[in-house]
Every structure is written in C-alpha cells, then in structure tokens.
Amino acid sequence: MGPNDEAFIFNCKADSGTVDFTSTAGTTVDQLPVAPAKYTVAASGSTGDNPGQLSALVNLHDGNSWRVASPGTFDITAFGGSKFAGTFQFDITSTAGTATVSGTFQEDCTGDACS
C-alpha cells in the first residue's frame, strides 16, 4: 500500500451466510474518507480497475460459488467517532440461480478508545 492508500474491511455474519466487504486495490483516503458516503459494490471481476469501490465476497453456506452480478450500493450513514452504520444491497449469481443480498448494520463503540 502507498502512503495515501486506504484499507477497509467489514465482515457481516448471519445464520444464513456471510458477506465480507473490502476496499479495492488503489483506493485512496480521498476516495474512502472516514465520513458518511455512498459507495459502489463492484461486480465480481471488475474490482482491479475501479479504485474507490468495494468488493464483496458472499458465502451462503450452500456449497455454491456466488459472485456479485452487477454493481450495487454500500451506503454509510454514520462513520467515525462512536458509530458505524448504514445499508447495502447488490445482486448475486451462481449456477444455483440469482438472489439479492441486502442488509443494515450499526456498530456502536463504547469505552475510552471511542472518540
């Protein structure tokens, strides 16, 4: 990573599966600020050319290899201080068919480390 590169990793886990979000290669601090913003979830296979987008890895615990079928959304409504919250939605596909993945998240920080 370069001095202006920004790394973002966020993992969501539920009984039905997991979704792991990461910043794409070459994403800078300016493209992923610590502030509320709307981001694109990149379609599978396109992340190398799109710094500033997020990639998503989906595991539905069903033995299928799911991929993001078309660009989706990752909307951060609170980012920084003591709260990280927002929504996401994108379509996935595999040999088993297609589906829409959507969710909300809210992580609150407590203690002396929060500011």
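**Close-up views of a predicted model**

View 1. Within S6, Phe74 is the bridge partner of Tyr39. The structure is a predicted model, in which local features require pLDDT of at least 70 and side-chain atom pairs count only at pLDDT 80 or more, whereas totals for chains, interfaces and linings use all residues. Residues are numbered from 1 along each chain as its sequence is written, and side-chain values use heavy atoms, with hydrogens and water left out. Strands S3 (residues 37-41) and S6 (residues 72-80) run antiparallel and are joined by five bridges. Strands (E, at least two residues) and helices (H or I, at least four) are DSSP runs numbered from the N terminus; two strands pair if DSSP finds at least two bridges between them.

**View 2. The S6-S7 hairpin.** S6 also runs antiparallel to strand S7 (residues 83-94), and seven bridges join the two.

**View 3. The S7-S8 hairpin.** Two residues connect S7 to S8 in a further hairpin. The strands S7 and S8 are antiparallel and are joined by 12 bridges. Phe84 has Glu107 as its bridge partner in S8.

View 4. Thr93 belongs to strand S7. Thr93 counts as buried because its relative accessibility is 16%, where buried means under 20% relative accessible area, exposed over 50% and partly exposed in between (1.4 Å probe, protein chains only). A polar atom of the Thr93 side chain lies 3.4 Å from the backbone oxygen of Gly97. A polar contact is a pair of N or O atoms within 3.5 Å; within protein, one must be able to donate a hydrogen and the other to accept it, and residues adjacent in sequence count only if both atoms are side-chain atoms. Leaving aside residues up to four places away in sequence, Thr93 touches Ser65, Trp66, Arg67, Ala69 and Thr98, contact meaning heavy atoms within 4.5 Å.

**View 5. Thr27 in the loop between S2 and S3.** Thr27 is located in the loop between these two strands. With a relative accessible area of 2%, Thr27 is buried. Its side chain reaches the backbone oxygen of Thr24 at 2.8 Å and the backbone nitrogen of Gly52 at 2.8 Å.

**View 6. Pro71 in the loop between S5 and S6.** Pro71 is situated between strand S5 (67-68) and S6. Its relative accessibility of 58% is why Pro71 counts as exposed. Not counting residues up to four places away in sequence, Pro71 touches Thr40, Val41 and Ala43. The C-alpha atoms of Pro71 and Ala14 are 22 Å apart, and 57 residues separate the two along the chain.

**View 7. The largest pocket.** The volume of the largest pocket is about 190 Å³. A pocket is an open set of points on a 1 Å grid over the protein atoms alone, where a 1.4 Å probe fits, with protein on both sides within 12 Å along at least five of seven lines; lining residues have an atom within 4 Å of a point. Its lining comprises 14 residues, of which Ala14, Ser16, Gly17, Val19 and Val101 lie nearest the centre. Strands S1 (9-14), S2 (17-23), S7 and S8 (97-108) each supply at least two lining residues, and the largest share, four residues, comes from S8.

Conventions. Points joined across faces, edges and corners; volume = space filled by probe spheres on them.
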